[in-house]
Amino acid sequence: MPHRRPDGAPYDWWRDSNVRYLGYANEFGEAFRPLIPKQAVWASYAVAIGYAAGDAVDKTQLEMAKSGDTKRSLVIGGCAAVWQFLASVTLPAFAVHKQVDLTTQVLSTRAPPAVARFGPTFSGLAVIPFLPYILDPPITMAVDSLERALLA
């Protein structure tokens, strides 16, 4: 496992390895909601929330080891949690859920049965790759501002 990213920044297991894909679990759960049991959707949220919480705890522990400052460590970890829960869990899930719901409404009366059944899932899956480009920049800006204000 590398200790530094190509840009020279420290390697972050939670964000630079394939573990980061666990943060997408609930988005896939929402996309497949029309086809799978609701318990499977809930399980996808458990995976994504576990990932988000793990990253936040890791950021708190790393800062504590680095600075020894409890307040700073809690702010850094808390802001990581806020970022993860907004950018990895809440807003992407809402976006995919609405995409699937709206597609279901449109296709339910106007499409052949197979398209009406599988179309909403494909539609939900199709938006997932675009969500980080849409959601991450404003969330990052807001959470960075919050972090600066709390550490000032």
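An axis here is a line fitted to C-alpha atoms, for a helix over the stretch in contact, and the angle between two axes runs from 0 to 180 degrees between N-to-C directions. The exercises below concern a predicted model.

**Exercise 1.** State how many helices and strands the protein chain has, and give the order of its elements.

*Solution.* Step 1: the count is six helices and zero strands. Step 2: read from the N terminus on, the elements run α-α-α-α-α-α. Step 3: for the extent of the chain, the C-alpha trace spans about 60 × 35 × 30 Å along its principal axes.

**Exercise 2.** Work out the orientation of helix 3 to helix 4, and describe their contact by residue class.

*Solution.* Step 1: helix 3 spans residues 38–67 and helix 4 spans residues 70–110. Step 2: their axes come within 8 Å and cross at roughly 160 degrees. Step 3: this pair is therefore roughly antiparallel. Step 4: helix 3 passes helix 4 in a right-handed crossing. Step 5: the contact of helix 3 with helix 4 holds 15 nonpolar, seven polar and four charged residues.

**Exercise 3.** Treat helix 4 and helix 6 in the same way.

*Solution.* Step 1: the axes of helix 4 and helix 6 come within 10 Å, with a crossing angle of roughly 155 degrees. Step 2: helix 4 and helix 6 are therefore roughly antiparallel to each other. Step 3: their crossing is right-handed. Step 4: by class, 18 nonpolar, one polar and four charged residues make up the contact of helix 4 with helix 6.

**Exercise 4.** Name the residues of the nonpolar surface patch, and find which element gives the most to this patch.

*Solution.* Step 1: the patch is formed by V82, L86, L91, L146 and L150. Step 2: together these residues have about 340 Å² of accessible area. Step 3: helix 4 and helix 6 (131–151) are the elements that give two or more residues to the patch. Step 4: helix 4 gives the most, with three residues. Step 5: L91 lies in helix 4.

Key:
Residues are numbered from 1 along each chain as its sequence is written. This is a predicted model: local features need pLDDT of at least 70, side-chain atom pairs count only at pLDDT 80 or more; totals for chains, interfaces and linings use all residues. Side-chain values use heavy atoms; hydrogens and water are left out. Helices (H or I, at least four residues) and strands (E, at least two) are DSSP runs, numbered from the N terminus. Angles under 35 degrees count as roughly parallel, over 145 as roughly antiparallel, 65 to 115 as roughly perpendicular and the rest as oblique. A crossing is left-handed if the near helix is turned anticlockwise from the far one by less than a right angle, and right-handed if clockwise. Ala, Val, Leu, Ile, Met, Phe, Trp, Tyr, Cys and Pro count as nonpolar, Asp, Glu, Lys and Arg as charged, and the others, Gly among them, as polar. Patches are made of residues with over 30% relative accessible area and no salt bridge: like charges are joined within 9 Å, nonpolar side chains (Val, Leu, Ile, Met, Phe, Trp, Tyr) within 5 Å. Accessible areas come from the Shrake-Rupley method with a 1.4 Å probe; for residues, only the protein chains shown count as cover. A salt bridge is a side-chain nitrogen of Lys or Arg within 4 Å of a carboxyl oxygen of Asp or Glu.
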